[in-house]
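Me: I would like a close look at a single part of this structure, with the terms spelled out as they come up.

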Amino acid sequence: MVTFEANKMMQQILRVFYLSGIWQSDKESNYRRMFKKFFYSFFGAWLPIFFATNAFRCVDRNESIHSAHIAVITVVVYMKCLYLLFKKQEILAFLNDPIIVHLNENREEYEQANRKIKKLMKFVRPYCLVIFITDVLLIVTKLPIFSADKGLPFFISFTWNVSEIVYWLTYLFVSLSIVLYCVINFMTLLVWYIMLNYSVEYELLGNKLKTLGVTTVKGNYNESHRIA
């Protein structure tokens, strides 16, 4: 009997959720857990609100449309944020579902299924690296020491602002929100992993149904194949 071990990459993603405070430990008090949930709910909502506001306040029409597009994208990521915050038990229930443990007595089928999961992991690691590098570049390239204009990440000029303090506070909050949204986007990897595991389990089940009731015994043809 062979089984699939929990993937280390998925365990690291869950650890990031706990360390960042998006997920809370059961040892924490109810007040502390509720505070973290509401904090991330309000803080995460700030980014789509800002881009929606910039779409209306910006003088340049092209940049206004650009801000509107980013606002739509960040709204989608914010919905993932809410799901992570308030649906932790449901997500863990899917990850720990006994169905995707893949108990299997056939070593060949086990190796075949294991190869599919390894293929996904080969894609997941570069995906995480690209997301991380992109977020760092979005934040760093618009710093005043690298950029002459008074701009923000995502190539927003922020031309309607006249206060230097507001500009730096906005830059700080946008940068922190980008880091938060990068962490939230790891939820997509969990969904891919869960879907692949259920797909593998259904394939293994299909293989079992094909041979259901068929037994093979050495001997004559009439006695070697019996169908129940």
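Is F155 buried or exposed?

Reply: F155 counts as exposed, at 57% relative accessibility. Here buried means under 20% relative accessible area, exposed means over 50%, and partly exposed is in between, with a 1.4 Å probe and protein chains only. The model is predicted, so local features need pLDDT of at least 70 and side-chain atom pairs count only at pLDDT 80 or more, while totals for chains, interfaces and linings use all residues. Residues are numbered from 1 along each chain as its sequence is written, and side-chain values use heavy atoms, with hydrogens and water left out.

F155 sits in the loop between α5 and α6. Helices (H or I, at least four residues) and strands (E, at least two) are DSSP runs, numbered from the N terminus. Helix α5 covers 107-140, and helix α6 covers residues 164-184. The phi of F155 is near 60°, a positive value in a residue other than glycine. Most residues other than glycine have a negative phi.

F154 is placed in the loop between α5 and α6 as well. Its phi is near 70°, again positive in a residue other than glycine. F154 is partly exposed, with a relative accessible area of 21%.

Rings of Phe, Tyr and Trp (its six-membered ring) pair if their centres lie within 6.5 Å; planes under 30 degrees apart count as stacked, over 60 as edge-to-face and the rest as tilted.

A search of the whole structure finds 19 aromatic pairs. One of them joins F94 and Y198, with ring centres 6.4 Å apart and planes at 80°, so this pair is edge-to-face. F94 lies in helix α4 (residues 88-95) and Y198 in helix α7 (residues 187-210), so the pair ties together parts that are 104 residues apart in sequence. F94 is partly exposed, with a relative accessible area of 41%, whereas Y198 is buried at 16%.

Another pair is formed by W168 and Y171, whose ring centres are 6.3 Å apart and whose planes are at 50°, so the pair is tilted. These two residues are three apart in helix α6, which separates them by about one helical turn. W168 counts as partly exposed at 40% relative accessibility, and Y171 counts as buried at 4%.
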